[in-house]
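Reader: Hi! Could you walk me through the side-chain contacts and packing in this one?

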Amino acid sequence: MTTAPTRQRAAVVEFTGARGGTAPLTWGQQAIWRLTRWLDDGDPYFNMPWTLPVYGRRDLGTVLLALRGLVERHETLRTTCEETSAGPVQRVAREGRMTVELFDAGETRPLAAARELSAELAAKGFDYATELPLRCAVVTSGGRPRAVAFALSHLAVDGWALDILATDWRRLLAGDDLPDPPWQPLDQAAFEQEGAGAARGERAFRHWRAALERVPRSMFDFPRGTPEEPRYVRVGMESAAVAAAAETLAARWSVSTASVLTTASAVLLAALTGHGEVVMQLIVANRHDPRTSAMAGTAVQDGLFVLDLPEGTFADAVRAGHRQALTTYRHAHYDPFGMMALREEVGRERGGPVDLSAYFNDARTIDHWPNLPRVEPPGDPAALAALAERTRTFFVGAWPEVDATVFFATGPATDTCRLYLLTDTAYLPRSTAYALLRGVETLLVRGVAEEVPLGAVAELCGITPVERPTGRVRG
């Protein structure tokens with residue numbers, strides 16, 4: 001039986017950055033801030049556990065110096081957020097200190113110990129107004145540092161930013177002299193207030209309004225059933241067959257694997273609900289601008305994806321879905337509170353709110369799976385079928401309340417497609433969630449071998465369309 005990591009002592013890291021300051025929240029920060037307002041104080045829902053190895057044979061002083069370098073370089077790690085009479089603001093501290101806990105891994109592998117500690121650090125909510133948005137602990141083994149455990153606030157970083165920090169971490173440990181980051185959240189906030197940034201937001205508003213005025217008011221306009229307790233469940237699937245098929249189809253149709261997965265999810269949702277037009281929100285990284293692509297911060301916002309399914313094949317749908325996804329990405333940078341007001345206004349005009357509770361989030365940082373099993377020859381239907389026999393599905397968890405009816409998401413695995421689906425069991429029971437995940441696999445694998453008519457998707461994938469009462473029409 002292995003022993004748990006044991007706390008040794010704490011070290012204090014003092015830091016002094018190049019600047020401090022106060023500014024409105026960026027639109028990316030506002031998107032997260034708005035969601036945190038629905039939670040109780042201290043709720044850890046938007047905390048991100050994270051671990052990094054200590055590369056090379058580094059001593060503790062080098063590791064603490066690298067941690068200091070991260071905090072000094074990236075203003076987002078020195079930022080607190082609070083509500084004021086003028087609205088929510090970010091405050092960047094130029095100098096300060098943070099406490100770093102030191103643990104010995106004992107008989108546990110250092111990275112495993114770090115993952116355990118990061119989960120503990122992330123289990124408590126941040127005090128956004130007074131606390132730095134990161135906590136960290138150094139894990140030692142054999143007398144030297146081997147890994148670092150972090151908990152970070154989603155107000156400070158998103159998945160893209162973690163990659164930036166990981167790259168800097170390796171170089172800081174090596175003692176490299178890094179140039180100052182060219183763009184920080186304070187710069188982004190100023191950009192969004194006027195000029196080109198504000199104009200981009202206005203274009204997004206026009207795009208959303210035009211779509212919201214015509215799309216179905218709800219994808220889930222059918223009677224609800226008896227929900228499970230807790231009501232919202234999340235299930236998952238690991239399928240190398242999905243990944244291999246998605247890569248084959250993306251290359252064949254000159255689209256991205258993200259568009260293949262997004263459209264497959266939309267097509268199955270249409271087959272289930274009987275809608276010919278699918279409305280989903282995509283989680284958009286908003287890193288297409290070279291300045292934000294190098295910014296450590298949070299830039300993620302929701303984009304509006306509307307797919308009018310053509311009569312034809314799955315290939316036709318994916319090509320259309322790819323075009324619509326690009327449109328979605330172009331119009332996902334906006335003032336979130338202004339967008340809330342716009343949605344409320346359109347809802348009043350249409351006699352009720354437009355339900356946007358279907359989501360897709362491609363959480364991968366690369367558009368392929370570099371460690372997939374080899375399929376020979378590439379795209380061979382028999383080989384894909386053999387991979388599908390190794391697919392597994394699993395239950396992730398359940399929650400009493402989530403702001404979504406359907407939420408598809410990918411995971412970061414590089415040797416398989418990890419696909420998750422959260423559903424409101426009042427509308428889509430757990431069995432339907434599993435069927436939709438398996439349906440994605442069936443659709444993609446079959447799509448490699450032949451043209452799949454959209455009208456045949458429900459039967460092919462084992463999806464039973466919902467029943468509506470006599471005389472009730474789709475909304």
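Predicted model: local features only at pLDDT ≥ 70, side-chain atom pairs only at ≥ 80, totals over all residues.

Reader: Thanks. How many salt bridges are there?
Author: The count comes to 26 salt bridges.

Reader: Let's pick one. What does Arg 7 pair with?
Author: Arg 7 forms a salt bridge with Glu 101, and their closest N and O atoms are 2.5 Å apart. Arg 7 belongs to strand β1 (residues 6-16) and Glu 101 to strand β6 (residues 95-104), so the bridge ties together parts that are 94 residues apart in sequence.

Reader: And how accessible are Arg 7 and Glu 101?
Author: Arg 7 is partly exposed, at 49% relative accessible area. Glu 101 is partly exposed too, at 23%.

Reader: Nice. Which residue does Asp 187 meet in a salt bridge?
Author: That would be Arg 19, with an N to O distance of 3.0 Å. Asp 187 sits in helix α5 (residues 185-193), while Arg 19 is in the loop between β1 and β2 (21-24), and the two are 168 residues apart.

Reader: Are Asp 187 and Arg 19 buried or partly exposed?
Author: Asp 187 counts as partly exposed at 21% relative accessibility, and Arg 19 counts as partly exposed at 30%.

Reader: What about Asp 158, which partner does it have?
Author: Asp 158 meets Arg 287 in a salt bridge of 2.9 Å, N to O. Asp 158 is in the loop between β8 (144-153) and α4 (159-173), and Arg 287 is in the loop between β10 (277-284) and α9 (290-293), so this pair ties together parts that are 129 residues apart in sequence. Asp 158 is buried, at 1% relative accessibility, and Arg 287 is buried at 5%. There is also a network: Arg 209, Glu 213, Glu 345 and Glu 349 are joined by salt bridges that share partners.

Reader: OK, switching to the cores. Which residues touch the most other members of the largest nonpolar core?
Author: Phe 314, Leu 444 and Val 457 do, in a core of 69 residues. Leaving aside neighbours within four places in sequence, Val 457 is in contact with Val 267, Leu 268, Ala 271, Leu 443 and Val 452. Another core, of 35 residues, lies apart from the largest one and has Val 54, Val 148, Leu 162 and Leu 165 among its members.

Reader: Now α3, please. What span does that helix have?
Author: Helix α3 (residues 110-121) has 12 residues and reaches 16 Å from first C-alpha to last, close to the expected 16 Å.

Reader: Which of the α3 residues are buried?
Author: Pro 110, Ala 113, Ala 114, Leu 117, Ser 118 and Leu 121. Viewed down the axis of α3, the buried residues fall within an arc of 135 degrees, so they line one face of the helix.

Reader: And what covers the buried residues of α3?
Author: The cover includes β3 (47-53), β6, β7 (134-141) and β8.

Reader: Last one: where is Glu 441?
Author: Glu 441 lies in helix α13 (residues 430-449). Its relative accessible area is 5%, and under 20% counts as buried, so Glu 441 is buried.

Reader: Which side chain does Glu 441 join in a polar contact?
Author: The side chain of Ser 239, at 2.6 Å. Not counting residues up to four places away in sequence, Glu 441 touches Met 237, Ser 239, Ala 241, Val 242, Ala 388 and Thr 391.

Conventions:
Residues numbered from 1 in each chain as written. Heavy atoms only, no water. Salt bridge = Lys/Arg side-chain N within 4 Å of Asp/Glu carboxyl O. Helix = DSSP H or I, 4+ residues; strand = E, 2+ residues; numbered from the N terminus. Buried < 20%, exposed > 50% of the residue type's maximum accessible area, 1.4 Å probe, protein only. Core = buried A, V, L, I, M, F, W, Y, C linked by side-chain atoms within 4.5 Å. Contact = heavy atoms within 4.5 Å. Expected span 1.5 Å × (residues − 1). Arc of directions from axis to C-beta. Polar contact = N/O pair within 3.5 Å; in protein donor to acceptor, adjacent residues only side chain to side chain.
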